Protein chains: 2
Amino acid sequence: MRILLVGAGGVGNAIAKIAARRTFFELMVVSDYDLARAEATIDWIESKHGSQDGRFIAAQIDASNPDDVTRVALEHGATHVMNAVEPKFVPTIFAGALAAGADYLDMAMSLSEPHPTNPHSETGVKLGDDQFAQAPDWETAGRLALVGMGVEPGLSDVFARYAADHLFNEIDELGTRDGANLVVRDEAGNEIFAPSFSIWTTIEECLNPPVVWEKDRGWYTTAPFSEPEIFHFPEGIGPVECVNVEHEEVLLMPRWVDAKRVTFKYGLGDEFIGILKTLNQLGLDRTDPVRVRSADGPVMVAPRDVVAAGLPDPATLGPRMTGKTCAGLWVTGLGKDNNPREVYLYHVSDNEWTMAEYESQCVVWQTALNPVIALELLAAGTWSGRGVLGPEAFDAEPFLELMARPEADGGYGQAWGLEDRLNEH
Amino acid sequence: MRILLVGAGGVGNAIAKIAARRTFFELMVVSDYDLARAEATIDWIESKHGSQDGRFIAAQIDASNPDDVTRVALEHGATHVMNAVEPKFVPTIFAGALAAGADYLDMAMSLSEPHPTNPHSETGVKLGDDQFAQAPDWETAGRLALVGMGVEPGLSDVFARYAADHLFNEIDELGTRDGANLVVRDEAGNEIFAPSFSIWTTIEECLNPPVVWEKDRGWYTTAPFSEPEIFHFPEGIGPVECVNVEHEEVLLMPRWVDAKRVTFKYGLGDEFIGILKTLNQLGLDRTDPVRVRSADGPVMVAPRDVVAAGLPDPATLGPRMTGKTCAGLWVTGLGKDNNPREVYLYHVSDNEWTMAEYESQCVVWQTALNPVIALELLAAGTWSGRGVLGPEAFDAEPFLELMARPEADGGYGQAWGLEDRLNEH
């Protein structure tokens, strides 16, 4: 397996670091628009693990240009293109990988566009629609695009397949629930506002109309921040207010897993919801450029890019952050004994541990873990397929087994949890 | 009197329109960086009042360049320079007017800089400090700079002098209190967020540490949004939550009026306070440029300029706005009979009326009214002075009389109110 990793930002950097402890691949080309960033990732790996003898190579890439993605992939004989940049670059990397004859993985799907007249009830262009529309091309070429293979989407979708195969006869709801108790402090020890994930992506997810799937209705949308609920997260995180958010799981799970309802709720918390509402109210979430004065005369900038430029890079927050983040799937229905069952399948990532082991903050590290496991399963032939497929299209058991198996035994040493919850309610 | 009006934005435009009904001046040069904006103001005046026979002239000006201000002032033989642009241009217009040998008026004073180490308790550079430091130059030149002559500061300061001369023997507090019940709607009739005054200035006022003056302590600062109180505004506006805000009155009134305490509280309301806090939290109030990507490569823009660029121009909100705005001064102390007295002196501006009469929204119109009255008193010689003076330095009675006198009798027809409040508490 020869991997072209596109993007050495927070998640890309962590993917390379996690992969550095594994032996399943022959080459990983760490590429970035900023070559120095790719080189810094490889320098860290070699300082930690010694010389890699050319197993990691840095390259410059323009992810917005499919031809450039194809060029770099062909130059290094890439068999797999791993997309680790913002979702706005999905179309170009997706096209560039196919043209290079490589398989493709990403952690977020092509972007949605709201319904032109009824954005808060009907879907317009859905997340991933552009990619699924190209599935025939991938099938014809005999290539695989494994889409949505981060933690959420990604691990959550693996949990959905696992629940359907091993825990339930009938599923009422597949509800991804994400929450954390992370706190970021400044040098003086005061709590500061600093999102732990790309603000660009967070705005996109949270301000787009959330999508819900119901078996007898199909996909539909609601107003942002709808259906707030308090969800109790494990391992000391505790209760967090969660609201509906547009997310890939809702588009992926119903394609492969039988359920009556599929939702995604994100534990944003009051403060963050207030901030996102304000950004929207002021038009600062906009991605179309506005004309702004500058010392060099008027310039055109997207307000959302200005918001992102003013915040600390999430990848740099690790040393100032404390707490844990939890990704998981809440499932209700009839268990294998046909009695009502309610479970929460989850994985918790602790910032103290990810910083000590990887110098990577826990949210980006948790995202990065899952595509590396998936690549390893693909390299081994345990997972295989063609066309545009979500994580649910593959057997969940080998994934979860490899993930949980101790490192000493060749696994990733990342335990996941299953809480039976019916008696709590 | 030959007036050079610098700025044909919301307030400048309204100044010209209000002046057009008066005969006290020989010439008003309406100047703007954007010549077309100045011309549009004059076109409106001529379409409403007929040809002005050259009494109004449009000119292009660069307010950031003192030499250009001097050039335009000299070219038209200006006797008075009326500054109607953002306060960041105070230093250049102030210097340009003096160099041209003209008198000068503004509605906001030179900007403050927070104390470098104790910003929430000690003052650094105060509002107007730069201007007052140049007072000897103005005195030597025999020229007058009448600073802070809008509505707040401006009319509020006139009220302070009036209270000291005519209502009180001893003043405990001079508390400017500003509140409104304005609502802006979009085409569909939904309420939208759209500040009725320059967001640039509003951010500056509200996020800088508020300044308070006490006789036995001098000027000191607090944290933003301090000392919230519910203040009851007249004429149907009702109760509004007001908080301390940095404002010129606190710097002006103690220089000429004897009082134990001087404060300024602005009726921002919960929603606006939340928005301002968020802008601050995200660093979007910053005026130093940040590096932002754009289609033409990285550019440097000030986040606050981006916030302003994304909001509707306050001057354009009039047709979509309903409600009233109230500017006034709450005064407590011992009345002329040496008994405790508490009064609120105020002026209310109703958007429906200002739109019908002037096609100008009420907040900018109310600001614009007062410097025109002041110019008329200066033209008549009723007010005169040299050096850098605030409105309190002049007799308040002729101002308030001319303001309230019916238009049919040569006044401005703008009643102001006095509420005795002691018995309400």
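Four salt bridges are counted between chain A and chain B, each being a side-chain nitrogen of Lys or Arg within 4 Å of a carboxyl oxygen of Asp or Glu. In one of them, the side chain of B:R293 meets that of A:E86 at 3.2 Å, N to O. This is a predicted model, in which local features need pLDDT of at least 70 and side-chain atom pairs count only at pLDDT 80 or more, while totals for chains, interfaces and linings use all residues. Residues are numbered from 1 along each chain as its sequence is written, chains are lettered from A in the order in which they are written, and side-chain values use heavy atoms, with hydrogens and water left out.

Let's look at the interface as a whole. Here 26 residues of chain A are in contact (heavy atoms within 4.5 Å) with 26 residues of chain B. The buried area is about 2,300 Å², with 65% from carbon and sulfur atoms; that is the accessible area (1.4 Å probe) that the two parts lose on being put together, summed over both. On the chain A side, A:L282, A:R293 and A:V306 lose the most area to chain B, together 28% of what that side buries.

Now step into chain A itself, to A:I93. This residue is buried, at 0% relative accessible area, where buried means under 20% (1.4 Å probe, protein chains only). Its C-alpha atom is separated by 8.2 Å from that of A:V6, 87 residues apart along the chain. Beyond its neighbours within four places in sequence, A:I93 is in contact with residues including A:V6, A:V81 and A:Y104.

How values were computed. Buried < 20%, exposed > 50% of the residue type's maximum accessible area, 1.4 Å probe, protein only.
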